[in-house]
Amino acid sequence: MESFTSVRPIRLSEVEKLVALIRARLPDVVHAGPAPELLERRLSTLIEDGCLIAAIKDGEYAGVLALDLYDRQVIACYLSPALASAGTPRKLFTAVEQRALAYGLRSLQCCILAPALSLMWELGYAPEESEPDTDRPILVRKALTGLADRWTRHVFDLHDELGISQDYGPRHRLEMVRECSQRISIGLDAYEREQWMAPEAARAWESMHSAASSNGIRLQVVSAYRAVNYQANLIRNKLEKGQNIARILSVSAAPGFSEHHSGRALDLKTPGEPPLEESFADTPAYRWLSDNARLFGFRESFGRGNRHSMTWEPWHWCFHATGGVAGQ
Ligand SMILES: [Zn+2]
């Protein structure tokens with residue numbers, strides 16, 4: 001039991017408890033609004049995105065705050081009169097603002113009623129109008145760029161230069177990916193270029209590669225670690241050749257959002273097949289990966305019909321396990 005107020009994202013296993021809480025607290029909204037199963041689905045989506053944040057005191061919700069990625073909006077769900085303290089809203093807002101920044105949002109808005117206005121001022125949110133009509137809900141807004149660290153601001157600058165809008169992360173439900181601090185060589189790729197990965201992922205790749213070989217499957221690397229600036233250069237070059245940014249982003253991730261920055265992602269091919277083509281999915285190599293990659297901690301990131309609205313990338317696999325390589 002947590003006796004102090006801690007703040008953390010709500011887990012999927014808590015959905016039922018949360019739906020019951022909302023239904024008990026707000027019967028009118030539930031009767032007039034979404035059916036319970038719709039509410040559950042909506043909450044599950046928020047939880048999958050890490051956008052439903054709870055303040056927990058004595059094992060109970062002292063407060064819950066949600067970030068609606070698509071409307072760049074904070075939704076105040078719940079504050080417990082018994083358990084919330086004066087500092088609870090600030091803790092919740094701080095956590096939600098960090099989530100928003102992780103998705104590349106540079107400002108947040110919130111629709112509030114007049115009594116909440118002074119609290120929102122304290123939290124740094126200001127109304128659009130200098131004298132808002134306090135009889136109606138008031139839209140308040142806060143810029144987040146001042147809260148961003150240097151790396152995040154660098155990514156924002158690159159996006160401004162390349163014409164990438166701040167809804168890229170929310171639209172694809174993708175968070176920014178930090179560059180790995182340590183990298184080791186994984187040898188030459190299919191085109192004789194040296195490639196690099198984060199150490200743990202590199203070791204997992206080595207095990208997976210040799211297991212595939214012993215099953216008669218040849219896996220070749222097309223791309224592994226890519227720096228943010230390298231990704232930006234890829235896009236710059238395509239812009240210079242006259243392609244438009246929407247088309248470029250349909251095949252290349254925005255700098256700051258590629259799993260390749262982490263040193264854990266690999267683009268793979270097999271001899272005799274063109275690289276980065278959906279036809280890779282028809283090869284024995286892909287079938288072998290589908291059956292075995294998880295044993296080495298690798299997962300296909302962008303499967304067919306993935307929740308990121310990214311095109312199917314059967315060649316792109318990312319290492320997720322952290323507790324050593326399974327299947328040894
Ligand atoms: Zn990739």
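**View 1. Pro 127 stands opposite Val 140 of strand S7 in this predicted model.** The two strands concerned are S6 and S7 (residues 138–143), which pair in the antiparallel sense over two bridges.

**View 2. Helix H1 packs on the sheet.** In this view H1 touches strand S2 (52–57), strand S3 (60–68) and strand S4 (73–79), and the direction of the helix makes about 95 degrees with that of S3.

**View 3. Seven strands form an open sheet with mixed pairing.** Followed across the sheet, the strands come in the order S1-S2-S3-S4-S5-S7-S6. Strand S1 (6–9) and strand S6 (126–127) stand at the edges, and each has a single partner strand, so one side of each is left without a neighbour in the sheet.

**View 4. Helix H1 (residues 15–25) and helix H3 (residues 36–48) cross, with axes that come within 10 Å of each other.** The crossing angle is roughly 125 degrees, and H1 is therefore described as oblique to H3. The crossing of these two helices is right-handed.

**View 5. The contact of H1 with H3 is drawn residue by residue.** From H1 the contact is made by Val 15, Leu 18, Val 19, Ile 22 and Arg 23, while H3 contributes Pro 36, Leu 39, Glu 40, Leu 43, Ser 44 and Ile 47.

Conventions. Residues numbered from 1 in each chain as written. Predicted model: local features only at pLDDT ≥ 70, side-chain atom pairs only at ≥ 80, totals over all residues. Heavy atoms only, no water. Axes fitted to C-alpha atoms, helices over the stretch in contact; angles between N-to-C directions. Helix = DSSP H or I, 4+ residues; strand = E, 2+ residues; numbered from the N terminus. Parallel < 35°, antiparallel > 145°, perpendicular 65-115°, else oblique. Left-handed = near helix turned anticlockwise from the far one by under 90°. Contact = heavy atoms within 4.5 Å. Pairing = 2+ DSSP bridges.
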